Amino acid sequence: EAARPWRGTAVVGHRVPLPAAAPGVASVRGQSSTALAKGPLEKYLAMKAAGEIQADKRQEVAMGMLDDLAKRVMSYTPPAAPVGRAPKQQAAAPSGGGFFSSLFGGAAAAPKKATPSALVPKGPIGLYLWGGTGTGKTFLMDMFHETVPVDKKKRIHFHEWMIDVHNRLHTRQKGSSAAKDKSADDLIEQVAAEMMNEAWLLCFDEFQVTHISDAIIMRRIFSVLFERGAVVVATSNRPPDDLYQNGLNRPLFLPFIPMLKDFCEVHHIGADVDYRMMSTSAEEDRRVYIHPNGSEEARILDAKFNRLCRGEITTNAQVEIQGRKLKVPKVAANSNVAWFTFAHLCDRPLGAADYLAVAGAFHTIFMADIPRLTLQERDQVRRFITFVDAAYERHTKLICTAADDPIKLFHVTEEEKAVATFDEIFAWDRTVSRLIEMQSEKYLNGLARRLAADEFLGQYKIQSLTDEDMKEWWLRYDVDDNGTLDMQELEVLLTDLLEKQKGHRNLTTEVFETCVSMIDSNKDGVVSYEEFQAYLGDYTLVSSTVRL
């Protein structure tokens, strides 16, 4: 059978035969001439035409590949799960060592099995996009996930997915006595089958392997997923051959790499510009990344925290994480806002599960006193990278003080770079890019608009809004960012206010028209920021017109 043709861009990977194409869909890897209707490429090109994104040939090529994949998966159904499989032979009796030990062969030796033949793709080949930070990989994959016409799909950060895998394995291992008698292979197969029933199109952001516990089971669980017809789309900063570089017992992980390249086309996306560095707000009073560390900077951070907490602060709260409890030094009494120091979160042996739980519990996290870092603080660097990844993935607002700007915060000498074998050096570029993006108006506006109305408005003293408060309200309610509030946007604002203050959303036509007559002073049918500011600055007027 002829090998599949390849695109003229930098692509590496094994050449494996393609399955038969669905009717009307090209069966070659080359980008088809027509974009899928309402698909990822059509949406991307529409955004480019509208001036919402810059033209970028590299991104467009990658999006074309994702669009072609969308065409292939839209009419694809994974084959039925295998039935009647012969039971695996079990070891006579375990000799200790636990679940992972059994994967290494630490339990009593089981009879040797014949080496299995290489898996052959049963469905469309997925896509593995890799490249430097800020190239738009996550943006492209998110657009693919949003538009691909598949019901059983899942978009998730790879760290978070692996935590879910471990949790499910742990639950099964500690479950019924029947489950306890099963081998590690059996438990992994059950978890993979369960996940496959939930979603067979898996979109992984930040595909990377940093822990031996992940490296051990990846080949096992992905072999079951691929055997059952799963399709994987992934983004990563590294090519597959560099995954788990210099990791403990890496030879045990290496068989996974050719499997990944058999089931995913590997494409290097490059870019001359880090798009996340282009939209940082210049308004000093709205800074969320404050440097250097000093008494004035500490005062600013403290004032911001107290403003969001409205002066009502609880100490020694806790977040529960897989049965453990992590203390939170300070939290807002009436909102999901937390205060930590860098030392509290990064000088202690915390991992991805801890940081994801913290970022999931609080929509805004304050972190004080981030120091200048070197390889001498490798553990702290690694934890801080993992924390920023978790906060970014959860769309959490990070407000912090630091010793220097993100680019200069982690100092590595040229000599150290030349001989570096540490993932931290490689991953720091991603952290810098994310710290910068998390200061951007686009990121901050998105957070404000995602919060429930009660949670958002609960951060403010509505009776005495400051100028900074009103700017943040404007960013939430000017949804189309056109510099005015139209009547629909104004109605949402007034309804949210009514719900917050009176507990219901029944904004009558009469009340709305009264409010409009008071707010829209020049009667042009839209609300300018000046009109918005004048209205919200007079709570007596707001209360009387909205009938609070």
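**Close-up views of a predicted model**

**View 1. Strand S2 and its burial.** Strands (E, at least two residues) and helices (H or I, at least four) are DSSP runs numbered from the N terminus. Gly126, Tyr128 and Trp130 are buried on one side of S2, and Leu127 and Leu129 on the other. This is a predicted model, in which local features need pLDDT of at least 70 and side-chain atom pairs count only at pLDDT 80 or more, whereas totals for chains, interfaces and linings use all residues. Residues are numbered from 1 along each chain as its sequence is written, and side-chain values use heavy atoms, without hydrogens and water.

**View 2. The neighbours of S2.** S2 runs parallel to strand S6 (residues 264-268), to which five bridges join it; Gly126 has Cys264 as its bridge partner in S6. Four bridges join S2 to strand S5 (residues 231-236), also in parallel, and Val233 in S5 is the bridge partner of Leu127.

**View 3. The six-stranded open sheet.** The strand order is S7-S12-S11-S10-S9-S8, with mixed pairing (two strands pair if DSSP finds at least two bridges between them). Strand S7 (289-290) and strand S8 (313-321) are the edge strands, each pairing on one side only. Strand S11 (residues 364-370) and strand S12 (residues 397-402) pair in parallel over five bridges, and Met367 has Cys400 in S12 as its bridge partner.

**View 4. Model confidence.** The chain averages a pLDDT (the predictor's confidence in each residue, from 0 to 100) of 82, and 82% of the residues score at least 70.

Technical notes: Buried < 20%, exposed > 50% of the residue type's maximum accessible area, 1.4 Å probe, protein only.
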